[in-house]
Amino acid sequence: MALASLLLIPLYFMPFWTIDMNAPQYPEGIGMHIHINDVTGHNKHDLKSINQLNHYIGMSEIHKEDFPEFKIMPWVFAGMFILGLVAAATGSVKLVITWLVLMVLIGIVGFVDFYMWGYDYGHNLNPDAAIKVPGMSYQPPLFGCKQLLNINACSWPTTGSIFIGLSFLMAGWVTWTEKFKK
């Protein structure tokens with residue numbers, strides 16, 4: 001369980017989600033990484049390019065400061081890290097199960113929040129935008145790919161999510177092996 005907790009540390013140094021966009025005007029592609037405390041472009045100017053594209057279709061610009069989640073998530077995962085270490089130190093299977101349930105709840109809340117963020121950005125458009133397509137919304141996909149005008153947007157978990165998954169599987173394995181020990 002201690003190792004499961006330690007596997008959460010890379011989240012402070014790497015993204016856990018990525019959105020890739022490919023279009024004729026960006027043959028090399030552009031995109032953004034979502035971290036537990038930041039949103040960055042894949043490359044130096046990608047976020048600026050995304051914000052310029054968003055401006056033309058009436059979407060709000062994307063700025064780290066607009067997301068209170070980036071202030072909360074580092075503390076949430078610090079709490080999960082500490083809870084996992086306490087579970088390991090005490091050998092409490094109940095704490096491990098609590099940890100697992102909390103991780104599932106964090107995942108559900110995270111996906112709902114991400115969906116709502118995408119919905120807000122993709123539907124609440126500036127009526128004075130240069131490009132207007134009646135009935136068109138620009139919500140990025142929660143998971144997978146979606147064609148948005150001439151841009152193919154793909155949203156996927158990335159490296160940090162692998163560590164979250166391994167951490168969760170390891171804690172599940174701890175619970176499973178402790179169940180059959182008795």
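One aromatic cluster is formed by W17, F67, F70, F111, F114, W117, Y121, F143 and W156. The model is predicted, with local features requiring pLDDT of at least 70 and side-chain atom pairs pLDDT 80 or more, whereas totals for chains, interfaces and linings use all residues. Numbering runs from 1 along each chain as its sequence is written, and side-chain values use heavy atoms, without hydrogens and water.

W17 belongs to strand 1 (residues 17-23) and F143 to the loop between helix 4 and strand 4 (144-148), so the pair ties together parts 126 residues apart in sequence. W17 is buried at 7% relative accessibility, whereas F143 is exposed at 51% (buried, under 20% relative accessible area; exposed, over 50%; partly exposed in between; 1.4 Å probe, protein chains only). F114 and W117 form a stacked pair, 5.6 Å centre to centre with 15 degrees between the planes. Both residues of this pair, F114 and W117, are buried and lie in helix 4, three residues apart, about one turn of the helix.

Helices (H or I, at least four residues) and strands (E, at least two) are DSSP runs, numbered from the N terminus. Helix 3 (residues 69-90) packs against helix 4 (residues 93-123) at about 165 degrees, with the axes 9 Å apart.

Note on methods: Axes fitted to C-alpha atoms, helices over the stretch in contact; angles between N-to-C directions. Phe/Tyr/Trp six-rings, centres within 6.5 Å; stacked < 30°, edge-to-face > 60°.
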